[in-house]
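This report is for a reader who is new to the structure shown below. It goes through selected features one at a time.

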Amino acid sequence: LSLALYAGSLCAASNAAFLYHDYCVIGAGPSGLQMAYFLQQAGRDYIVFERSHAPGSFFALYPRHRKLISINKQYTGKFNSEFNLRHDWNSLLSHDRRLLFQHYSRDFFPNADVMVRYLEDFASLLKLQVQYNTAIVHVTLERDEQAWNGHYFLLTDQDRQNYKCSSLLVATGTWVPNVVNFPGSEYVEGYETVSINPEDFAGQTVLILGRGNSAFETAENILGVTNFIHMVSRSRVRLSWATHYVGDLRAINNGLLDTYQLKSLDGLLEGDLEDLAIIKDKKGKLHITLRFYLENRNTSAGIDSITLPQDELDNFATRAPYDRVIRCLGWKFDFSIYNRSLRMMPGKENEKKYPQIKPSYESKGTQGLFILGTASHSVDFRKSAGGFIHGFRYTTRAVHRLLENRHHGVPWPSTVYPITQLTNSIIKRVNEASGLYQMFSVLADIILLRENATAFEYLEEYPVGVLAELETQTGRKASNGLFVIVMEYGRNFSGADKDVFYYNRAVGEAQHAWQSNFLHPVIYYYKHLPTEREMRLRPPDWPLPRPDAIHHIVEDFLTDWTAPNAHILPLRRFLENCLGTDLRSFFAESCFLFAFTRQKLPPFCGQGYIRMQGLMGTEGLRRRAVEAGLLEDYAPNDFSGDRAPDRREGSQDQLLRDHVIPVRPLQHLVNAKDE
């Protein structure tokens, strides 16, 4: 008995030592705060751990030269808040209009210090549950069949305080600098510590390792004071306007390209950094050589005893010595705090800086562990905007909706409309939705058709990578077919080697919409929900499997897809062909006529006119419809004016256009005809 009591007391003490929350979020950067907002709005039990004393600690240091490359467009000419978010790349999603970034800065490329202040206000004004000065140093699993996912996550902070949670949301971003080790790499300065004072580089010759925005940002800062700058990387420069990927080189940082191509001493080189070696001479100058020249040689013997490339090739590109070498190779995810039981593995090849995750943003190794924000960019790396605020604010919301359905039985939000509103619903979304626009080819609107296509259910911004799991992930049924709406660039338009300014690059005619190059809406129609096998075997560079039918809405210079003939009419006809129904809208006179001349009424008449819904017409409106060719003119030749004819002397033609005919007799006639 004593042993049992002692064991019980130990167990109770062990449980008391763990502070429990349903959801633990690691990191109070933009994605961590965004998830905290959604959890708080849903009334969930959560906590956010932040190692620093304030949110957004990454932005307190980076970018080093303090200018963000995320645009902050103040004016768009429109007052639709959802549309305006398409051109606001810094704001997080919330119900509080005060927390739009335009209230914090008017600069098109804001200062990073403003982002820090914005994130502090976001956390404080919304009263988010953030625990600061808490660095999580170890994460492991505890198996328990009663837990949501069959296990709990156990977290330990720097003070050895333990925490337990059912679901773990990692929002730490990528903050560990990428370092390449080669002979002489100890002479290299890191982007994270190098001086940002241009005067420290006056009259110096500089070599920069890397070819991303941090490398060009560093070069831009010292361009006017150095002798010359060389930049070396294993890949060619990728311009964001050519690749349509916002993480590639942006125009604001590409001054070095001008000085290189206009032969003003600066230059770009391609080569594998691991093949390099750096040797320091007695004067402190740094000489670039190749690793194989140093094989079986004693580097401490002095530079005179080492063969340099210019000894064999006297015009070797980097034969001039450098005063400084700066490493600007970006960052990677910190895997060090995760126990092997979580099976957190890095990706392959170009994605090795990110953890391996599914298209649902859940870890491939551990159920219930989700990766948010920049670290989740492996899902759409070099394709869309999931690694940046204007992209992951929407993927974070998608993860929250998946969690709400999985753990709390709350289905994915949806709206049910009559089938007559199908065209209008699609046109509205493609013209204003920001999530579709920013996360093109990754997030999609899903239209689930009801039986006999009399109505549809609209789901917004669902991850297309888990389309086959839609019913289990959303709690919605897709048994009668579905439409999937995504935004896409042209198949062969984006790439580092593409000329995106060539003549006739734009497509303007609806019949050639499938050849559109610029971002445009694409509608996929499936009679049945695609299977996981179909998703795996989809064509290369396709976001979805081959559909039963597909429609491209032709690209538009103004990104305004409301043109009646170029945009709306082709879309409506496509939808009609898929559904085998008439989606046009009709005047009351036409519906009245159809009731006597057709066995099946168009949905607009059946769901509107017959149910005494719709707008009352006037003679002036009827005349304008006749002039536009929308109605036949049943009026006698001698009739004029807006006064309705006298029914006592009216003919059958007059009856057909008389809008005050009572509906009840009409229903009686229709029923009699059916009988």
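## A strand hairpin

Strands β12 and β13 form a hairpin, with five residues between them. In the turn, G284 has a positive phi of about 90°. The model is a predicted one, and the values in this report are computed from it.

Strand β12 covers residues 276–280, and its pairing with β13 is antiparallel over five bridges. Within this pairing, A277 stands opposite T289 of β13. How much of strand β13 is covered? The strand, residues 286–290, is mostly covered, with four of its five residues buried.

## Nonpolar cores

The largest nonpolar core has 66 residues, and L155 and L168 touch the most other members. Helix α5 (residues 112–125) gives the most to this core, contributing eight residues. Domain 1 (19–174 + 332–403) and domain 3 (414–579) both give residues to the core, so it lies between them.

What does L168 touch, leaving aside residues up to four places away in sequence? L168 touches C24, I26, V139, F153, L155, G368, L369 and F370.

## Salt bridges

Side chains of opposite charge can pair when their charged atoms come close. A search of the whole structure finds 20 salt bridges. One of them joins the side chains of E142 and K164, at 3.2 Å from N to O. E142 lies in strand β4 (residues 136–143) and K164 in strand β6 (residues 162–170), so the pair ties together parts that are 22 residues apart in sequence. E142 is partly exposed, at a relative accessible area of 27%, whereas K164 counts as buried at 12% relative accessibility.

D248 forms a salt bridge with R382, and their closest N and O atoms are 2.6 Å apart. D248 is in the loop between α7 (240–243) and α8 (255–261), while R382 is in the loop between β16 (369–371) and α10 (389–408), so this pair ties together parts that are 134 residues apart in sequence. D248 counts as buried, at 6% relative accessibility. R382 is partly exposed, with a relative accessible area of 28%.

A further salt bridge joins the side chains of E576 and R572, at 3.1 Å from N to O. These residues both lie in helix α15 (residues 564–579), four residues apart, which is about one turn of the helix. Both E576 and R572 are buried. Elsewhere, a network of salt bridges links R397, R429, D445, E460 and E461.

## Aromatic pairs

A search of the whole structure finds 32 aromatic pairs. One of them is Y354 with F381: the ring centres are 5.6 Å apart and the planes are at 65°, so the pair is edge-to-face. The pair links distant parts of the chain, 27 residues apart, with Y354 in the loop between β15 (331–332) and β16 and F381 in the loop between β16 and α10. Y354 is buried, with a relative accessible area of 4%, and F381 is buried as well, at 13%.

The rings of F592 and F596 have their centres 5.1 Å apart, with the planes at 65°, so this pair is also edge-to-face. F592 and F596 are four residues apart in helix α16 (residues 588–597), so about one helical turn separates them. Are the two residues buried or partly exposed? F592 counts as buried, at 10% relative accessibility, but F596 counts as partly exposed, at 36%.

There is also an aromatic cluster formed by Y37, F38, F101, Y104, Y118 and F122.

S57 lies in helix α3, which covers residues 57–61. S57 is partly exposed, with a relative accessible area of 24%. Leaving aside neighbours within four places in sequence, S57 is in contact with E50, R51 and S52. S57 and L119 are 62 residues apart in sequence, and their C-alpha atoms are 9.7 Å apart in space.

Helix α18 covers residues 619–627, and E619, G620, R622, A625 and V626 are buried in this helix. After α18 comes G629, which has a positive phi near 80°.

Technical notes:
Residues are numbered from 1 along each chain as its sequence is written. This is a predicted model: local features need pLDDT of at least 70, side-chain atom pairs count only at pLDDT 80 or more; totals for chains, interfaces and linings use all residues. Side-chain values use heavy atoms; hydrogens and water are left out. A salt bridge is a side-chain nitrogen of Lys or Arg within 4 Å of a carboxyl oxygen of Asp or Glu. Helices (H or I, at least four residues) and strands (E, at least two) are DSSP runs, numbered from the N terminus. Buried means under 20% relative accessible area, exposed over 50%, partly exposed in between (1.4 Å probe, protein chains only). Contact means heavy atoms within 4.5 Å. Two strands pair if DSSP finds at least two bridges between them. A nonpolar core is a set of buried Ala, Val, Leu, Ile, Met, Phe, Trp, Tyr and Cys residues joined through side-chain atoms within 4.5 Å. Domain bounds come from an automatic or database domain assignment. Rings of Phe, Tyr and Trp (its six-membered ring) pair if their centres lie within 6.5 Å; planes under 30 degrees apart count as stacked, over 60 as edge-to-face and the rest as tilted.
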